[in-house]
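Dear colleague,

I am handing over the structure we spoke about, and below it you will find what came out of going through it. Please read the notes with the structure open beside them.

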Amino acid sequence: MSDQPSILKVAFVGNPNSGKTAMMNKLVSGKAPVGNYPRVTVSTRKESIQIGDKKAVIADLPGIYSLNSLTPEEKVARDFLLNEHSDVIVNVLDAGNLERSLFLSTQLIELGRPLIFVLNMIDEVEGRGIDIDTQSMSQMLGGPVVKAAGRKGTGLEELTEQILKVAKESHTKKRSFINFDMHVENAVQRVQDLVNELHPNDQDSATNRWMAIKLLEGDDEILSQEGEHSHLIEMVRREGVNLASEHGQSCNTLFADARYGFINGLMAESVQRSEAGSRRQSITHTLDEVFLNRFFGLPIFLGLLWLMFQTTFSLGEIPMDWIDGGVGDFGAFVSASLPEGMVHDLIVDGIIAGVGGTIIFLPNIVILFFFMALYSESGYLARAAFLMDRVMHSFGLHGKALIPMVMGFGCNVPAVMAARTIESDRARMITILVNPFMLCAARLPVFILFAGAFFAETAGTVVFAMYMLSIMGAMLGSVILSRFVFPGENEAFVMELPPYRLPTLRSILSHMWDKGMNFLKKIAGIILVGSIVLWFAQEFPQNSVALEKIDQEISQIQTQPEDQARDEELSALQLRRGEEHLSGSYLGQISQFIAPVFAPLDFNWKDTVAILTGLVAKEVVVASYAVIYSQGEDEDAESDSLRSVLAGTMTPLVAIAFMVFALFYAPCLATIATIRSETGSWKWAGFSVVFSTMVAYSLAFSVVSIGGLFM
Amino acid sequence: MKTLKELKLGETATIIGVEADTISQNRLSSMGVIKGNSITLRNKAPFGDPRIYIVMDYELTLRNQDAQMVQIEAN
């Protein structure tokens, strides 16, 4: 057809665990991707590929069970399907779970758009002696039915052919629709007529029928969207009441009944079962005897967590040292090859120090996500959430929040991203917002430094206590959030437990690659900018009366003959100059301006500098102390001299307060940026900063004032 | 009338209705928990809640508070 658009728009939609993403990965790699689009929404991935002589953009919509707009993912998928006008919608069905998968299909059909149905994982089903007649299925569903095994890549040729064919015929093809019983159908007709009247031009009849059905099903979003047409709402209510009283059950279940009626008919027509019993199920049952065992289930879960942790940090240590060394060498090389001056300092002390300090966490992130992919794709993650739901539930978290919380010990950035597996908006928000309370690896150096400086004899216990405090803080945070900020219904824990599957190497690697790239992009963006800003704030203004005076003294001493006394005096002056410079810099000025806020906690303005710079990345807190106390920037947490200097600057009680504050206060920039992108708004990123700083402040204040009573 | 929560381990029953608000009803029916389907209790979490059921040949988890909304009839 001549008016066919030049770029095909294809949407992949299906249940979670239908193998949609694996299929799309195969499709993209087999066809060589010609472009990569960033994520548009929380979880819609777009890739562009070449099919025959056509360019196509395929969108991987989040896995959903229905178009009822209950969960954020359902909303995202539904809005996409309604607004993006895809040329072809590919509905991926789990062939081993056909009845339930088809429920979504019955709703997709009502959208009146060109559809292709893919029976995925057909190999597993045919091995079980189940035979599916695609011909008759295709007739009932009103679109071609393709058998495929996405993980192996079979059936994809036929799928791409069908996409081209369906796109070409899209204007002529007649579509199927679900027949409801006479009463329901009449009610739909009457509502649809009124919708037609209210929206005479802007919608086609399929959309109007879809809207009529959604209205009668009690869809909140459509009801409020049509809220201005009060007679429509009134009519829908009346029709609903009539139907309910005629049939003795609620209106929305009438529709669901009709959909399953259609599915049962289709199954009877098209599916032949030659024998019962399936290997997949029996393997799953055997593994569940172990993993979900009443006594061993929880210990096994803790063991697997420990394995993930241990490997992430011990194995990650090795490449971390390489990167650290590489960054150091690179910095030294650049430092030597650039002439002394402003540009030199900016690049070496600002950019290389800031970016290099963050990039060393790349191995941890990649390894952590190896385990995440392994646990999640094998089907274990869903079971861990099931095991822990009761415990998590008791303090306001959802069972599925478990994994993000544990990951938070590593780094809050991937942990906040991992909260995506939670469908309920409310439960997901709580998980995201308390996640920064989990003591991440970047904060560990701070506690090692402070514990060593103030509690040398019990340093190990103090650090462990900080971990415990972090868990308790997260619990307290979720209790507060679930009571006061997100009061509301206790979301259901309705979750499918997929059968255990052996994850493919390809999907695990691509998962690790994606996460690694995301992290690098973040470094190239916010970390880079943050480091530059921090450097300038620390470096400028360069001239002041006090500095000039010290400079004069320095040049005066430099004219004296060289001896030991002269050198000592000179280095003392250099130190004073450094401190004077810092306190006169914009960063110093801001910190001294803010310092009164921290006065009740007995923090001085130098502690304030450490707190502020820690916002860029929590490791910077230690580096800042090193700079401030003029120990040179190479100091690490093991440094004895920094410890002894630090020990003289505050009482042990204030040190505890500072540790508590450093544990809970505003998340680092990378985490703030991740919270923004995951919640979709700066509002929640801002809320997170304010909320955690308030918690940090009040806990640190309690430490100082309660502790003060005993001292 | 029995609810799903009272189903014993390994027992199978037929669902005869779901007493809940529209949202929960829609969620449960999209997962196959609907009048006429048979349902089996497959497993319990360590504290007895939530539980795993088999409906339409797949495993579904429900908290007991949700299972209470589902009416069943012994087969």
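Of the 711 residues of chain A, 52% count as buried, and please keep in mind throughout that this is a predicted model. The secondary structure of chain A comes to 31 helices and ten strands, and its C-alpha atoms fill a box of roughly 105 × 60 × 55 Å when that box is taken along the principal axes. If one takes the contacts in chain A between residues at least 6 apart in sequence, 74% of them join residues at least 24 apart.

Helix H19 of chain A, residues 425–434, has nine of its ten residues buried, so it is largely enclosed by the rest of the structure. The buried residues of H19(A) are Arg426(A), Ala427(A), Arg428(A), Met429(A), Ile430(A), Thr431(A), Ile432(A), Leu433(A) and Val434(A). Among the elements that cover these buried residues are helix H17 (402–407), helix H18 (412–418) and helix H21 (459–485) of chain A, and the cover also includes helix H30 (669–679) and helix H31 (682–710) of chain A. Helix H20 of chain A, residues 444–454, is likewise largely enclosed by the rest of the structure, because eight of its eleven residues are buried. In H20(A) the buried residues include Phe447(A), Phe450(A) and Phe454(A), and also Val446(A), Leu449(A), Ala451(A), Gly452(A) and Ala453(A).

Next comes the place where the two chains meet. The contact takes 44 residues from chain A and 33 residues from chain B, and the two chains bury about 3,500 Å² between them, 55% of it on carbon and sulfur atoms. Across this interface the rule finds four salt bridges, and one of the salt bridges brings together the side chains of Arg42(B) and Glu289(A), at 3.8 Å from N to O. Twelve residue pairs in polar contact, with both residues at pLDDT 80 or more, are found across the interface of chain B and chain A as well. On the side of chain B that touches chain A, at least two residues each are supplied by helix H1 (22–30), strand S3 (38–44), strand S4 (51–55), strand S5 (58–62) and helix H2 (64–67) of chain B. The largest share of that side, eight residues, comes from H1(B), and by class the side of chain B that touches chain A has 14 nonpolar, nine polar and ten charged residues.

The strands also link the two chains. An open sheet of seven strands runs in the order S10(A)-S5(B)-S4(B)-S3(B)-S2(B)-S6(B)-S1(B), with antiparallel pairing. Its edge strands are S10 of chain A and strand S1 (2–3) of chain B, each of which pairs on one side only. Strand S10 of chain A, residues 495–497, is joined to S5(B) by three bridges, and the two run antiparallel; here Leu497(A) stands opposite Glu59(B).

Is S5(B) enclosed by the rest of the structure or open to the outside? Five of the five residues of S5(B) are buried, so this strand is largely enclosed by the rest of the structure. Tyr58(B), Leu60(B) and Leu62(B) point one way from S5(B), whereas Glu59(B) and Thr61(B) point the other way, and all are buried. S5(B) is joined to S4(B) by five bridges, and these strands run antiparallel, with Val55(B) standing opposite Tyr58(B). The hairpin of S4(B) and S5(B) has two residues between the strands, and there Met56(B) takes a positive phi near 45 degrees.

With best wishes

How values were computed:
Residues are numbered from 1 along each chain as its sequence is written. Chains are lettered from A and ligands numbered from 1 in the order in which they are written. This is a predicted model: local features need pLDDT of at least 70, side-chain atom pairs count only at pLDDT 80 or more; totals for chains, interfaces and linings use all residues. Side-chain values use heavy atoms; hydrogens and water are left out. Buried means under 20% relative accessible area, exposed over 50%, partly exposed in between (1.4 Å probe, protein chains only). Helices (H or I, at least four residues) and strands (E, at least two) are DSSP runs, numbered from the N terminus. Contact means heavy atoms within 4.5 Å. Buried area is the accessible area (1.4 Å probe) that two parts lose on being put together, summed over both. A polar contact is a pair of N or O atoms within 3.5 Å; within protein, one must be able to donate a hydrogen and the other to accept it, and residues adjacent in sequence count only if both atoms are side-chain atoms. Ala, Val, Leu, Ile, Met, Phe, Trp, Tyr, Cys and Pro count as nonpolar, Asp, Glu, Lys and Arg as charged, and the others, Gly among them, as polar. Two strands pair if DSSP finds at least two bridges between them.
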